Amino acid sequence: MPAATTTLRVLAASVIASLSVTGCQAVDDAGVALGRADLVNDLAARMDRSLEQTWAADYQLAGGRSASIAQTAKPLQSSYTWPDGKITVTQQAVTRCASTSGRTSCTLSPPVLTAGKPSVIVFAEARKHGLVTPPAVIRLLTDAAFDPEAEIEQSDTTLAGRHATCVDVTRAGERFTACVTNEGVLASFAGTLDNKPAELTLTGYTDTVRAAAFDVPPGAGVVDRRTATS
């Protein structure tokens, strides 16, 4: 998993640098690529900043299923919940939960140093389960910025009462749409990730987070591996 969107912003910026030294790009082409890089940088910067802030978001997935993301800056912790699982990263533990046949089991592992962004671990785990994550969306945008044949159109919308900037990208015969709120929260995505259709839409947002968002689900069986591995 790429470390963070900061790296992606550097990649996007290099589009501008490459155009300035080749000398073989038409002025119009350079302007188009510059616009793409600016757009990618803006969305990446929003998402990057949001990884250090306090907020909670609810989403609707394909098929009417639901998911949620929650994180707080003080204390530093984050969580991603989906229909059959959950991962939570706090200063006390990394907790992974899975639900099978109506039963939920959770495993607590020792806490991991996260360079100030526990959401990096959360998003890496969520991606393994085919869920849409902000870093994955920014990677798609960065790839599109490097592709001179890519078409990127910008628009604006409102989702869950939040203003969002949207991009509609067509590249290599494929198309995806992504929206990011002013707060840097992924507001929607529709397209393909890891060769599979993926979709989510923001249904709720708040800048206050309930402590219960980081608890194990009620009734879950818990295996604590922190003592055994310390």
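Is cysteine 106 buried or exposed? Select cysteine 106 in your viewer to start the tour. The model you have open is predicted, and in it cysteine 106 is buried, with a relative accessible area of 1%. That counts as buried because the cut-off is under 20%.

**Stop one: the partner of cysteine 106**

The sulfur atoms of cysteine 97 and cysteine 106 lie 2.1 Å apart, and the two residues form a disulfide. A disulfide is a covalent bond between the sulfur atoms of two cysteines. Look along the S-S bond next: with 110° about that bond, the link of cysteine 97 and cysteine 106 is right-handed. Cysteine 97 is buried as well, with a relative accessible area of 9%.

**Stop two: cysteine 166 and cysteine 179**

Clear the selection and pick cysteine 166 together with cysteine 179. Here is another disulfide, with the sulfur atoms 2.0 Å apart. This pair links distant parts of the chain, 13 residues apart. To see both ends, colour strand 8 (residues 162-171), which holds cysteine 166, and strand 9 (residues 174-181), which holds cysteine 179. The torsion about the S-S bond of cysteine 166 and cysteine 179 is about 105°, so this disulfide is right-handed. Both cysteine 166 and cysteine 179 are buried.

**Last stop: the whole chain**

Finally, show the bonded cysteines together. How many disulfides does the count come to? The count comes to two disulfides. Number the bonded cysteines of the protein chain in sequence order, and the pairing reads 1-2, 3-4.

How values were computed. Residues are numbered from 1 along each chain as its sequence is written. This is a predicted model: local features need pLDDT of at least 70, side-chain atom pairs count only at pLDDT 80 or more; totals for chains, interfaces and linings use all residues. Side-chain values use heavy atoms; hydrogens and water are left out. A disulfide is a pair of cysteine sulfur atoms within 2.5 Å. Buried means under 20% relative accessible area, exposed over 50%, partly exposed in between (1.4 Å probe, protein chains only). Helices (H or I, at least four residues) and strands (E, at least two) are DSSP runs, numbered from the N terminus.
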